[in-house]
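This report describes the fold, the nonpolar cores and selected backbone features of the model shown below.

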Amino acid sequence: MTDAKKSDDLPLAGTSTSLAAADEAEKVSSEIYDLIGIRGKGSDTGPGVSECGGKDPDKYFQIFHPWSFTPESPSQLDDVMERLREELPKHGWKIVEYGHDTSKNKNINLTADNDKKKHSVNITHYAKRTPPKLSLTVVSGCYQTPEGQKVQRF
């Protein structure tokens with residue numbers, strides 16, 4: 001999904017209401033949370049709805065779910081990105097990007113697609129923040145609303 005050059009190229013994720021699709025994105029986030037594999041706290045941010053560029057905004061939408069993870073002990077994050085790089089493919093994810101970003105802090109970024117679930121995730125390890133944490137954004141493919149319904153925005 002991250003291979004898409006334009007938002008018009010987003011893969012179709014199926015037919016769903018905004019609320020059901022948001023529930024699915026939270027479920028995907030929860031599965032990734034479990035793969036992190038260390039004690040810590042996830043932020044309590046909910047999903048949002050955005051447009052699928054070039055498509056009727058009353059009928060088509062995409063879900064995004066940004067959240068963060070702060071470990072109980074900062075040193076526990078040291079190996080998490082490598083573990084995620086190994087574990088995500090075992091759960092249907094394809095790593096499409098992995099490495100340091102161009103920032104002064106050289107944060108580690110991981111982007112993965114799950115074609116079966118029609119979701120992508122971007123994870124950034126902010127090792128030099130106080131406290132160190134992971135920033136995650138799960139995004140869906142493009143959903144179409146059921147016949148006769150409109151996109152609910154939240």
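## Basis and element order

Helices (H or I, at least four residues) and strands (E, at least two) are DSSP runs, numbered from the N terminus. On that basis the protein contains two helices and eight strands, and their order from the N terminus is β-α-β-β-β-α-β-β-β-β.

This is a predicted model, in which local features need pLDDT of at least 70 and side-chain atom pairs count only at pLDDT 80 or more, while totals for chains, interfaces and linings use all residues. Residues are numbered from 1 along each chain as its sequence is written, and side-chain values use heavy atoms, with hydrogens and water left out.

## Overall dimensions and surface

Along its principal axes, the C-alpha trace spans about 50 × 30 × 30 Å.

Of the 154 residues, 36% are buried; buried means under 20% relative accessible area, exposed over 50%, and partly exposed in between (1.4 Å probe, protein chains only). The accessible surface, from the Shrake-Rupley method with a 1.4 Å probe, comes to about 8,500 Å², and carbon and sulfur atoms hold 46% of this area.

Contact means heavy atoms within 4.5 Å. Among the contacts with a separation of 6 or more, 63% join residues 24 or more positions apart.

Counting Lys and Arg as positive and Asp and Glu as negative, with His and the chain ends not counted, the protein has 21 positive and 23 negative side chains. The centres of the two sets lie 3 Å apart, with each charge placed at NZ of Lys, CZ of Arg, CG of Asp or CD of Glu.

## Nonpolar cores

A nonpolar core is a set of buried Ala, Val, Leu, Ile, Met, Phe, Trp, Tyr and Cys residues joined through side-chain atoms within 4.5 Å. The largest has 20 residues, and those touching the most other members are Ile32, Ile36, Phe69, Leu84, Leu88, Ile123 and Leu134. Two or more residues come from each of α1 (18–36), β4 (60–71), α2 (80–87), β6 (108–114), β7 (119–126) and β8 (133–144). The greatest contribution is that of α1, with four residues.

Beyond its neighbours within four places in sequence, Ile32 is in contact with Leu88, Trp93, Val121, Ile123, Leu136 and Val138. Another core, of eight residues, lies apart from this one and includes Ala25, Ile63, Tyr143 and Val151.

## Backbone features in the loops

Most residues other than glycine have a negative phi, and most peptide bonds are trans. The bond from Thr130 to Pro131 is cis, with omega near -5°; Pro131 is placed in the loop between β7 and β8.

Lys106, in the loop between β5 (94–100) and β6, has a positive phi of about 55°. Its relative accessibility of 46% makes Lys106 partly exposed. Lys118 belongs to the loop between β6 and β7 and has a positive phi near 60°. With 29% relative accessibility, Lys118 is also partly exposed.

## Surroundings of Thr45

Thr45 occupies the loop between β2 (40–42) and β3 (48–50) and is partly exposed, with a relative accessible area of 37%. Not counting residues up to four places away in sequence, Thr45 touches His65, Pro66 and Trp67. Thr45 and Pro66 are 21 residues apart in sequence, while their C-alpha atoms are 6.8 Å apart in space.
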